[in-house]
Amino acid sequence: MKFSVSGHDLNDLNNNLFIVPVPGDTDMTHIWNRIKIPGAEYVPFSHSQFKAKAGETLHLIPRSKNEPCILLVGLGKKPYQDLKMTFLKSTHTYKKWFATQITIILDLLETEDEASISFFAESAIKGIVLGLHEPALYKEDRKEAIYPQHVSFTRGRYAEESILNGAHKGFIKAETIGKVIDLVNAPANYKTPVEMAEWMKRSANSRNYKLMVLEKKDLIEQGWHALLAVNRGSEIPAKCMIAEYTPKHGGENLKTVVLVGKGVTFDTGGLSIKTNDTMYYMKSDMGGAAAVMGTIDLAAALKLKVKVVAIVPTTDNSVDALAIKPGEVINSYSGKTIEVINTDAEGRLILADGLAYAIKNHPCDYLIDLATLTGNIVLALGTEAAGIMTQNDLLAESLSASGQSTGEKLWRMPVWDDYKKHIESDIADIKNLGSKPLAGAITSAKFLEFFTEGHPAYAHIDIAGTAFGAYPTTEGYSGTAFGVDLLIHWLEKLQKDEKTE
């Protein structure tokens, strides 16, 4: 996809689609005089029809082939919210009108901040590319997505470099986010630990970062006991991917971030088996791993000046004569023993080993895990936000701010020590499920915290309600790649040495 910036005269552009982002406070009476779209005077238009509310669109169809097609995209009032999704929805709705060349008109925007206009261009391109993404992975007649070959922007009062940098960054991000969505949507028979490792191998080769894949024999030798316990009922051996991106020129203040993602490629619940009405969606139980994989892919692609380590333990949770049984006591990488109350609380078991490995082998400034961990967080927050649990106030604030900017919202839940009593065990160091059917998202966070050795900047993000669900480009549920945009935005801020410690 090629990007360019033009002046105000649109008559020389050989386009048949003009996209006009419209702030909610725009005087619609004079809109055509302000932007001067060729042929717009021929388009019948009622000003009362369009209020430019956030996400509202108005499609003006041309009368002839020689007149332009115009798509008004409402932004709402400033600060604009969730720009990527606004453009994604409008693009998917009117995708058949997207041509080889389009123009995005920035003249109506009112901001003097070059960083803001760059982020606007980035969000617009992300939304357009993802809105044209084709989700039908395994259909015989699947069509490849057709993207515009050339996208031009009107410059308005903004620097050309700011616009182009944002647009290029948006396209790179959208490509990876699309791949992450495809990975989450893949069924279990196309997404075993083998395929998960192959995805990371392709990414590492393409983006030039280090990757080590621990096979089952390595896991046994190193003592990944909790991961191996979950894997006991599976016909496919567990793996763990350890990826490391180090910028070539990081400077003295280079930060190190370790990300751990839950990679359960399918979750039956084990012997604590799930009901049939929910099990179908459990192909998405590796949404946390997918977000971590996409994040390190993009960190390397964008050459961020932050060291990123991604730890991805992966297995399915299946039923077999060898499967772990409720009531068993298992060991873990940390040496701490775990009483398994419920085998459907398996994600925290494999994360426990991943976190303990990180603490022992990768000293870091920040330790963050992402996981589709609990139904409890869905009951608490629905599908509108993920839960963040951390003892570090500044880390919670900085991650939540990135969530607001990218539309991947976080809501902080308490992790007071009052909740520790719920996971105390009589016969082991800890148990994997609370003693009461209450505060499940919080007690699971306290369980994970137990394996971090009191790391001062640790955060757990429960994305069970946001990683898989309703999505504009599909009829049914889909992966969303929740977490990738959020984490990359946060890492971009971190590389500027902002005070998030």
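Reader: Where does Asp 82 lie?

Author: Quick note before we dig in: this is a predicted model, where local features need pLDDT of at least 70, side-chain atom pairs count only at pLDDT 80 or more, and totals for chains, interfaces and linings use all residues. Residues are numbered from 1 along each chain as its sequence is written, and side-chain values use heavy atoms, with hydrogens and water left out. Helices (H or I, at least four residues) and strands (E, at least two) are DSSP runs numbered from the N terminus. On that count, Asp 82 sits in the loop between strand 4 and helix 2.

Reader: What is phi of Asp 82 near?

Author: Most residues other than glycine have a negative phi. Asp 82 isn't a glycine, yet its phi is positive, near 50 degrees.

Reader: Which peptide bond is cis, the one from Lys 78 to which residue?

Author: Most peptide bonds are trans. Here omega is near 0 degrees. The second residue lies in the loop between strand 4 (69-76) and helix 2 (83-93). The cis bond runs from Lys 78 to Pro 79.

Reader: Is Ala 481 buried or exposed?

Author: Ala 481 is in the loop between strand 20 (477-479) and helix 14 (484-494), and has a positive phi of about 65 degrees without being a glycine. Buried means under 20% relative accessible area, exposed over 50%, and partly exposed in between (1.4 Å probe, protein chains only). Ala 481 has 5% relative accessibility, so it counts as buried.

Reader: Which side chain does a polar contact of 3.2 Å join to Asp 297?

Author: Asp 297 belongs to helix 9 (residues 287-301) and is buried, because its relative accessibility is 6%. Beyond neighbours within four places in sequence, its contacts (heavy atoms within 4.5 Å) include Thr 176, Trp 199 and Tyr 209. A polar contact is a pair of N or O atoms within 3.5 Å; within protein, one must be able to donate a hydrogen and the other to accept it, and residues adjacent in sequence count only if both atoms are side-chain atoms. The side chain paired with Asp 297 at 3.2 Å is that of Arg 207.

Reader: How many residues of helix 13 are buried?

Author: Helix 13 covers residues 440-449, and is largely enclosed by the rest of the structure because most of its 10 residues are buried. Among them are Ile 442, Phe 447 and Leu 448.

Reader: What share of the 501 residues is buried?

Author: The protein chain has 14 helices and 20 strands. Its C-alpha atoms fill a box of roughly 80 × 50 × 40 Å along the principal axes. The buried share of its 501 residues is 59%.
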